[in-house]
Amino acid sequence: MASPLPSQGHTPGAVAAAREALGWLHTARFLTTAAQLDQLPELALPEIAFVGRSNAGKSTAINTLAQQTQLAFASRKPGRTQHINLFALGRQGRTDAVLADLPGYGYAAVPLADKQRWQRVMASYLVSRPNLAGVVLLCDPRHGLTELDEALLEVIRPRVEQGLKFLLLLTKADKLTRAEQARALSIARLQAGGGEAMLFSALKRQGVEAVALWLRRLVQAHGPDADGAGGVPGSGQLPDLG
Ligand SMILES: Nc1nc2c(ncn2[C@@H]2O[C@H](COP(=O)(O)OP(=O)(O)O)[C@@H](O)[C@H]2O)c(=O)[nH]1
Ligand SMILES: [Mg+2]
């Protein structure tokens, strides 16, 4: 049985909260792109980064969550898009959070020097981005965490201990049986350390509401005072990214 609902027994309040969260995600719009960290605008808004190896299902997950088919582009040259793309979220043009789509890593055909350069950029971003509030690590559970995923987990672990929210998202859950899903989830919960783990399928819309709520609550926990001006400050250079 492949129910699109993440779980049974939704109260009316929970249904309304999920609907609100999805409506909020639907406001996602392209903000800017940066090839280097010093090109990223300095923002006083909570930022949530989506990371994962190439082909993990990152573009599909972002598009599914935002209910937009073309927001995060599936690259025609996988592994070659080495830009950080930022998407603004918020109703009535008021931006209250930002999603950061980081390039997929681990694509075999990328030259080693490019890979190493990108790993340094990504590590710096995850360690130093001042407004980073959450990280969603997408992983195809049929392959499990790769060495690069593990390295990334090591990089963010100190920040998770300091309150950064972390979600290990097991993509393409429709490819697994119920028993395999349960097993993958229990392993992922251990791997997630201080974070959470969830199953996700864009195809079956499994986990979509749960992830939407996770993102929404994270941003709400940052409170409206996170950005009193109610907008995105203009592009500026980050002063020091170590
Ligand atoms: N069966 C299934 N395939 C998926 C799902 N999400 C993504 N895919 C497929 O996985 C491949 C990689 O997806 P993409 O979103 O481009 O991955 P990215 O490289 O991480 O951005 C594509 O062929 C997608 O159609 C899913 O939920 N279920
Ligand atoms: Mg992609």
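**Note on the predicted model**

1. Helix α2 (residues 58-66) contributes the most to the shell around ligand 1, giving 3 residues. Helices (H or I, at least four residues) and strands (E, at least two) are DSSP runs, numbered from the N terminus.

2. This is a predicted model, in which local features need pLDDT of at least 70 and side-chain atom pairs count only at pLDDT 80 or more, while totals for chains, interfaces and linings use all residues. Residues are numbered from 1 along each chain as its sequence is written, and chains are lettered from A and ligands numbered from 1 in the order in which they are written.

3. The shell around ligand 1 holds 17 residues, of which G57, K58, S59, T60 and A202 come nearest. A residue is near a molecule if its C-beta atom, placed from the backbone, lies within 6 Å of it.

4. The protein chain has 6 helices and 7 strands. Their order along the sequence is α-β-β-α-β-β-α-β-α-β-α-β-α.

5. Of the 242 residues in the protein chain, 37% are buried. Buried means that 20 or more other C-beta atoms lie within 10 Å of the residue's own, with C-beta atoms placed from the backbone.

6. Beyond its neighbours within four places in sequence, L169 is in contact (C-beta atoms, placed from the backbone, within 7 Å) with residues including A61, V136 and F200.

Conventions
Buried ≥ 20, exposed ≤ 12 C-beta atoms within 10 Å, placed from the backbone. Contact = placed C-beta atoms within 7 Å.
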